[in-house]
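This briefing covers one protein model, shown below. The notes after it are grouped by topic.

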Amino acid sequence: MNLPTIDMIRTGKNINRLRKRANLSVKDLQNIFGFATPQVQILPQTLENATI
């Protein structure tokens with residue numbers, strides 16, 4: 001079974017590009033999604049190094 005791989009760097013850049021195209025601030029997205037604070041995560045390149 002092949003699991004899809006997500007490129008976190010490209011995904012983040014794409015989200016940022018779409019946010020800017022929609023003329024939304026990080027604060028706007030924070031309010032839309034109901035986050036108390038902006039969520040920032042630095043993830044390992046592979047899930048092998050991830051801690052849960």
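Just after α1, N23 adopts a positive phi of about 60 degrees. The model is predicted: local features need pLDDT of at least 70, side-chain atom pairs count only at pLDDT 80 or more, and totals for chains, interfaces and linings use all residues. Residues are numbered from 1 along each chain as its sequence is written, and side-chain values use heavy atoms, with hydrogens and water left out.

**Overall**
- The secondary structure consists of two helices and zero strands; helices (H or I, at least four residues) and strands (E, at least two) are DSSP runs, numbered from the N terminus.
- Of the 52 residues in the protein, 4% are buried, where buried means under 20% relative accessible area, exposed over 50%, and partly exposed in between (1.4 Å probe, protein chains only).
- The protein exposes about 5,400 Å², and carbon and sulfur atoms supply 58% of that area. Accessible areas come from the Shrake-Rupley method with a 1.4 Å probe; for residues, only the protein chains shown count as cover.

- With 14 residues, α1 reaches 20 Å from its first C-alpha to its last, close to the 20 Å expected at 1.5 Å a residue; the expected span is 1.5 Å times one less than the number of residues.
- A side-chain oxygen of D7 comes to within 3.2 Å of the backbone nitrogen of I9 at the start of α1.
- N23 sits in the loop between α1 (8-21) and α2, and its phi is positive although the residue is not glycine.
- N23 is exposed, at a relative accessible area of 69%.

**The segment after α2**
- F35 lies in the segment that follows α2 (26-33) and is partly exposed, with a relative accessible area of 38%.
- Together with I32 and F33, F35 forms a nonpolar patch on the surface, with about 340 Å² of accessible area together. Patches are made of residues with over 30% relative accessible area and no salt bridge; nonpolar side chains (Val, Leu, Ile, Met, Phe, Trp, Tyr) are joined within 5 Å, like charges within 9 Å. A salt bridge is a side-chain nitrogen of Lys or Arg within 4 Å of a carboxyl oxygen of Asp or Glu.
- T37 is also in the segment after α2; T37 is partly exposed, with a relative accessible area of 47%.
- The C-alpha atoms of T37 and V26 are separated by 9.9 Å, the two residues being 11 residues apart along the chain.

Note on methods
A polar contact is a pair of N or O atoms within 3.5 Å; within protein, one must be able to donate a hydrogen and the other to accept it, and residues adjacent in sequence count only if both atoms are side-chain atoms.
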